Amino acid sequence: MKKKMMAYTTDSATTGHLLNRLYQKIERTTHQDPHPGLIIASHHFFEPYPLVNEIDLLSLVIMDLLIQFSYPSFSGYSKFTISFTMKRSYGEEISFTLGPAIPLTTQDCQLIPKSEIYAHISRYIQKYAEIYDGDYIVRVMIRVYMDGKKMDRPSLSSDERDSSLSSIIQAGLSEVEPITAREIRYRKRSYPTHITALKPSRTELKPFIVADTETILIDNVHKPYAAGLMLVRPGEEISSLMIDTYFSEDYSIIFSSKEEKSTKVLYDLVLRISTIVRQEQSTLTIYFHNFSRFDGILLLKHLACHHKSYKLKPLMRNNRLYELAVYSGKKMLFRFRDSLNLLPGKLSALAKNLCPGLGPKGSIPYEEVRVSNLESMKKSLIDYMKQDILLLGGVMQQAQEIYWKQISYFLQLMQFYTMKSSWKQKSEG
């Protein structure tokens, strides 16, 4: 591995200051040993939380976790990943992993110098500091994977901890080439001793999101003043308490113009969708009723202008937006679709037939809604939107269940005819 030392020196005063800040920021430390090949350790921070831009501090935090919990106990080939729990400037918390795993040893299981590990960590954080400039880190976590036997972890004295961290700081940063970790193969493979009976293939019903926006005309342009969404799980009861809503006038303290408040409504809606997708660890579909001709146009424009890290793939036919897929790199995160294309008809009629227990569709006097009275009408406007979201959730949940029963019946029927055909061929043979 090629490396050269950067023009960087650290005196003892700077080292002491950085160590003191490290210890003052850590509220508590946790660790787990879920199985012989895995170590999980975390540092949780006091408020005010450190900024993602504090690269030296955060790099040292991760090295501290490695020194306390990884180096004393791993054997064989080992690697680790870094995860951040971040609090965005507008309050939302997100968790994510920083890049691929970083090896702690070479392929022949020799320890990589700590100074090089420190440099790789700093390089990873630098990348995300540029993306999330100004946001805060609530927690740092490492996952250490190994293919050797985990050794008993001796306790580390405060002097040993200080000495290890000080030597890393004073060594400075090395300029290192990217390094790729290999697969861990500590698990023994097992193979069946007999052929098991075939089971019918079955696709799991997946959760989905339903959403809605409410707009007002400003200079002959529709601007969202409210948005909301709800995560719907198959077979689980839904209620209006499960709906997240965003209202433009709630941002009056931060923004003065209607344009800024309207943008913030959609921004927080998209952010909430991203958070749910990460929590579910699955690509989710978000349904709007009449997405093709209304909500979809608003969201497409908003995503293109304000979420430039996403890659958008719209599916359009005959001037209608049928689907809007959102990617991070090559991975699809979520997609917007129009429930009206799947279930043609008014939402009120669909709800009456498929989920009458959720109540009727509400109504609001659109002609009376003005920018000047949005705040005073907030409760009625939000209640109206939440009822629409609730009904759409119920409609799509029932439709999914009906469709699933039909598919299940079809699979069972196909299995019956396949078995019958097989029996017939055997009897004729």
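Helix 1 (residues 12–25) runs for 14 residues and spans 20 Å from first C-alpha to last, close to the 20 Å expected at 1.5 Å a residue, where the expected span is 1.5 Å times one less than the residue count. Helices (H or I, at least four residues) and strands (E, at least two) are DSSP runs, numbered from the N terminus. This is a predicted model, where local features need pLDDT of at least 70, side-chain atom pairs count only at pLDDT 80 or more, and totals for chains, interfaces and linings use all residues. Residues are numbered from 1 along each chain as its sequence is written, and side-chain values use heavy atoms, with hydrogens and water left out.

**Helix 1**
- Thr15, Leu18, Leu19, Leu22 and Lys25 are its buried residues (under 20% relative accessible area; exposed is over 50%, partly exposed in between; 1.4 Å probe, protein chains only).
- They sit on the same side of helix 1 because they cover an arc of only 135 degrees around the axis, taken from the directions from the helix axis to the C-beta atoms.
- Over on the other side, Ser12, Ala13, His17 and Gln24 are exposed.
- The buried set packs against strand 2 (26–35), strand 3 (38–45), helix 2 (55–70) and helix 4 (158–171).

**Gly228**
- Gly228 belongs to strand 10 (residues 221–232) and counts as buried, at 0% relative accessibility.
- Leaving aside residues up to four places away in sequence, Gly228 touches Val210, Ala211, Asp212, Asp244, Thr245, Leu269, Met385 and Ile389 (contact: heavy atoms within 4.5 Å).

**Confidence**
- Mean pLDDT (the predictor's per-residue confidence, 0 to 100) is 84 for the protein chain, with 87% of residues at 70 or more.
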